[in-house]
Amino acid sequence: MTPKEVLQFAKEKGARMVDFKFLDFIGIWQHFSTPISELKEEIFEEGLGFDGSSIRGWQPIHASDMLVVPDPTTAVMDPFMETPTLSLICNIVDPITKEDYTRDPRNIARKAEAYLKSTGIGDTAYFGPEPEFFILDDVRYDQGPQHGYYFIDSVEGIWNSGREECPNLGYKPRHKEGYFPVAPTDSQQDIRTEMCLLMEQAGIQIEKQHHEVATAGQAEIDMRFDSLLKMGDKLMWYKYIVKNVAWRWKKTATFMPKPIFGDNGSGMHTHQSIWKGGKPTFAGNKYGGMSDLAMYYIGGILKHARALNAFCNPGTNSYRRLVPGFEAPINLAYSSRNRSAAIRIPVYSPSPKAKRIEVRFPDPSCNGYLAFAAMLMAGLDGIQNKINPGDPLDKDIYGLSPEELAKVPSACGSLEDALNALKKDHEFLLKGDVFTKDVIDTWIEYKMDKEVHPVKLRPVPHEFTLYFDC
C-alpha cells in the first residue's frame, strides 16, 4: 500500500486509532498509539518523535530523540484492540541526519536484503521459520538475596496425572509423547486454530498447526516461507498473536527455549533458500539434489555457526536446550533427512522450487530480523569464498562412538561462549555495512552485562541439592 491507500484502508475499516509498532534492540515489540485523525500522509516521510534512551540497547539520554517512520506496506487492523485500530510497523530514523538507525533490527534486515542484491548472487532470500512454544496455565517466578524459584503448570502436564481436579479426566501427554495424538489428549486444538485464523487475518499464510513433542502444551504453527524482511515482520505478528490469544483463553504462552526440565525444549528450525529472477538457485545435481551454490551456503553456515549462536540462540536459557546427547542438534554437520544434524536438506518434494536447507539450531527467543540477516550473511560468505561443507553425516549422530563424535564440531555450550565466538568471528557480518561494529559491540556488551553476569551471580535451586551438605 501507498500512504494514500493506507488512509483509505483505515477509513474503510472504520479505524479510530493507529498503533505504531517497532522493535527494541533485543527483539520485543514496543508501541504507542494516536487517534486516526493524527495520521497524515506526511508522517510516512517525516515520522513521529519518541525517547530512544528508554529503549533497551539504544540511545544515551543526552542523544535520546529518535523518529519512528511507519512502513505503509505493513498496514493491517490489529485483531486484539476493542477500538478499531490500524497497526503499522515502523523503521527508526535519526532526527538529525535523517539516516536509518544502525541499531534498528528491521533496518539491519533491510540492509541484508540490499546486500544480497548487490552481490549478484540472488535477489531474494526466503526464510521459513518453525517457532515452537508452550501454552501454560500458570507461571510464577521470583529471586531475592535469600530465595529463588520458578513454578510453571499446565492442565496438560503429565505431573498432574494424580492431582485432585474434581474430577481429573486423565489424557495428559506423557513426556516426549505430545507429537501428536488427537483430542482429548491434545486439549489445545481450538486455541491453536484461533491463533491460525488471526494470523491469516494479519496476512500470514499458515501451512499447518499441531501439538509438539513435550507435555504441558507445547505447540507449533507453521508459516508459509517469505522474504527475509517480510518474515521478520510476520514472526513478530506470530508471537504477538500467540501470546494474546493465550491471554484471551486465560492461559499464557512462552517462547522460552527450555522452560521444562526433562522434556523437549522449543526450537525454531529455519528453512532458507536464495532465488534470482524468480528461479531457485539451490537446486542442482550435488548431494541431496542441491547446487554448488547451496553447498557453499551450507559451508558458510557451518563455518560461522558458533558466532551465529549469539543471534540465533541469544539467551542463557537457550543453552539448556543445546546440550550434547539430547534433542537439540548441536553437532555442526549436514545431512539429507537426518534430523540429528545441525543442517538438514529436506526431501519432501523433488521440485527445484522446494530445494532449501533447514538450519535446526536456532530457537524462538531470537530476534528474527537479526537471526535471519546473520544466517544470510554467513551463507553468502560461504558462497563468495566457496567454503566446502565437507562430507555429509548420514549416520545417527547420537549413535556415534566417542572417537567419531570427537571429529564433529559442535555449537556453543553457553551464551558466554557464543558471545566470545562472535567477538572473534564477525567480519562476515560487516560486509555491506549490514551489521556495524557498533551493533556487534553493543550486542555483546548488553548480553554480558544484562544476562550472562546476572545469571552467573545467582545460585539456582538444584545447587542446594548438590552442594548444601558439602
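**Salt bridges and surroundings**

Author: In this predicted model, Asp381 and Lys431 join their side chains in a salt bridge, with 2.7 Å from N to O. The two partners come from distant parts of the chain, since Asp381 belongs to helix α9 (residues 368-384) and Lys431 to the loop between α12 and α13, 50 residues apart.

Reader: Is Asp381 buried or exposed?

Author: The relative accessible area of Asp381 is 8%, and a residue counts as buried under 20%. Because its value is 8%, Asp381 is classed as buried.

Reader: Which residue forms a salt bridge with Lys208, and where does that partner lie?

Author: The closest N and O atoms of the pair are 3.0 Å apart, and the partner of Lys208 is Asp222. Lys208 is partly exposed at a relative accessible area of 45%, whereas Asp222 is buried at 3%. This bridge too links distant parts of the chain, 14 residues apart, running from Lys208 in strand β10 (residues 206-211) to Asp222 in strand β11 (residues 218-223).

Reader: Why are Asp441 and Lys437 separated by about one helical turn?

Author: Asp441 and Lys437 form a salt bridge in which the closest N and O atoms are 3.0 Å apart. Asp441 is partly exposed at 36% relative accessibility, and Lys437 is partly exposed at 42%. The separation is about one helical turn because the two residues are four residues apart in helix α13.

Reader: How many salt bridges does the structure hold?

Author: Besides the pairs above, there is a network of salt bridges that links Asp153, Arg163, Glu165 and Lys172. For the structure, the number of salt bridges is 25.

Reader: Where does Phe435 lie, and which residues is Phe435 in contact with, leaving aside its neighbours within four places in sequence?

Author: Phe435 sits in the loop between α12 (427-430) and α13 (437-456), and with a relative accessible area of 0% this residue is buried. Its C-alpha atom is separated by 8.8 Å from that of Ala373, which is 62 residues apart along the chain. With neighbours within four places in sequence left aside, the contacts of Phe435 are Ile108, Phe311, Leu370, Ala373, Ala374, Leu429, Leu430 and Ile440.

Reader: Which residues form a negative surface patch?

Author: One member, Glu42, is found in the loop between β2 (29-35) and α2 (43-46), and at 41% relative accessibility Glu42 is partly exposed. The patch is formed by Glu41, Glu42, Glu45 and Glu46.

Methods
Residues numbered from 1 in each chain as written. Predicted model: local features only at pLDDT ≥ 70, side-chain atom pairs only at ≥ 80, totals over all residues. Heavy atoms only, no water. Buried < 20%, exposed > 50% of the residue type's maximum accessible area, 1.4 Å probe, protein only. Contact = heavy atoms within 4.5 Å. Patch = residues over 30% accessible without salt bridge, like charges linked within 9 Å, V, L, I, M, F, W, Y side chains within 5 Å. Areas by Shrake-Rupley, 256 points an atom, 1.4 Å probe, with all protein chains shown as cover. Salt bridge = Lys/Arg side-chain N within 4 Å of Asp/Glu carboxyl O. Lys, Arg positive; Asp, Glu negative; His and termini not counted. Charge placed at Lys NZ, Arg CZ, Asp CG, Glu CD.
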